[in-house]
Amino acid sequence: MPTYKVTLRNGTSSDRTFESDFQAVNETHRPHSESGAGIVKIDRYEEDGSQSDVWSV
């Protein structure tokens, strides 16, 4: 399964694993309980270590 870097509005990011780009966007855009924790960017890690833009504000 591909690994994705999810970057939040507050500047923090985390790596998460999803089955597809669609699932990454769908799962990460559910309402958050933290105020200001909105997602601003999702990148997919490629096999060569580079990142591909999946979604951004």
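Leaving aside its neighbours within four places in sequence, which residues is threonine 28 in contact with? Contact here means heavy atoms within 4.5 Å, and by that criterion threonine 28 meets Val6, Arg16, Phe18, Ile39 and Ile42. We will come back to this residue once the fold around it is in place.

A word on the model before we go on. It is predicted, with local features requiring pLDDT of at least 70 and side-chain atom pairs counted only at pLDDT 80 or more, while totals for chains, interfaces and linings use all residues. Residues are numbered from 1 along each chain as its sequence is written, and side-chain values use heavy atoms, with hydrogens and water left out.

Let us start with the overall layout. The protein has 1 helix and 4 strands, and along the sequence they follow the pattern β-β-α-β-β. These elements are DSSP runs numbered from the N terminus: helices are H or I with at least four residues, and strands are E with at least two. The accessible surface of the protein comes to about 3900 Å², with 45% of it belonging to carbon and sulfur atoms; the areas come from the Shrake-Rupley method with a 1.4 Å probe, and for residues only the protein chains shown count as cover. Of the 57 residues, 21% are buried, where buried means under 20% relative accessible area, exposed means over 50%, and partly exposed lies in between (1.4 Å probe, protein chains only). Among contacts between residues at least 6 apart in sequence, 36% join residues at least 24 apart.

Now to the sheet. The 4 strands form an open sheet in the order β2-β1-β3-β4, and the pairing is antiparallel. β2 and β4 (51-56) stand at the edges with a single partner strand each, so one side of each has no neighbour in the sheet. On average, neighbouring strands are turned by 25° against each other, direction ignored. Helix α1 packs on this sheet and touches β1 (3-8), β2, β3 and β4, and its direction makes about 155° with that of β3. Those axes are lines fitted to C-alpha atoms, for helices over the stretch in contact, and angles run from 0 to 180 degrees between N-to-C directions.

The pairing can be followed strand by strand. Two strands pair if DSSP finds at least two bridges between them. β1 and β2 pair in the antiparallel sense over 5 bridges, and β1 also pairs with β3 over 5 bridges, again antiparallel. Valine 6 stands opposite serine 14 in β2. Further along the sheet, β3 (residues 39-45) and β4 pair in the antiparallel sense over 5 bridges, and arginine 44 has serine 52 as its bridge partner in β4.

The hairpin of β1 and β2 has 4 residues between the strands, and glycine 11 there takes a positive phi near 95°. Arginine 9 is in the loop between these two strands and counts as exposed because its relative accessibility is 55%. Serine 13 belongs to strand β2 (residues 13-17) and, with a relative accessible area of 41%, is partly exposed. Not counting residues up to four places away in sequence, serine 13 touches Lys5, Val6 and Thr7.

What lies inside? In soluble globular proteins, nonpolar side chains tend to be buried together. Here the largest nonpolar core has 7 residues in all: Tyr4, Val6, Leu8, Phe18, Ala24, Ile39 and Ile42. β1 gives the most to this core, with 3 residues. Such a core is a set of buried Ala, Val, Leu, Ile, Met, Phe, Trp, Tyr and Cys residues joined through side-chain atoms within 4.5 Å. Leaving out residues up to four places away in sequence, alanine 24 touches Tyr4, Phe18 and Ile42.

That brings us back to threonine 28, which lies in helix α1 (residues 21-28). Threonine 28 is buried because its relative accessible area is 2%. Its side chain reaches the backbone oxygen of alanine 24 at 2.5 Å, and a polar atom of that side chain lies 3.4 Å from the backbone oxygen of valine 25.

Conventions:
Polar contact = N/O pair within 3.5 Å; in protein donor to acceptor, adjacent residues only side chain to side chain.
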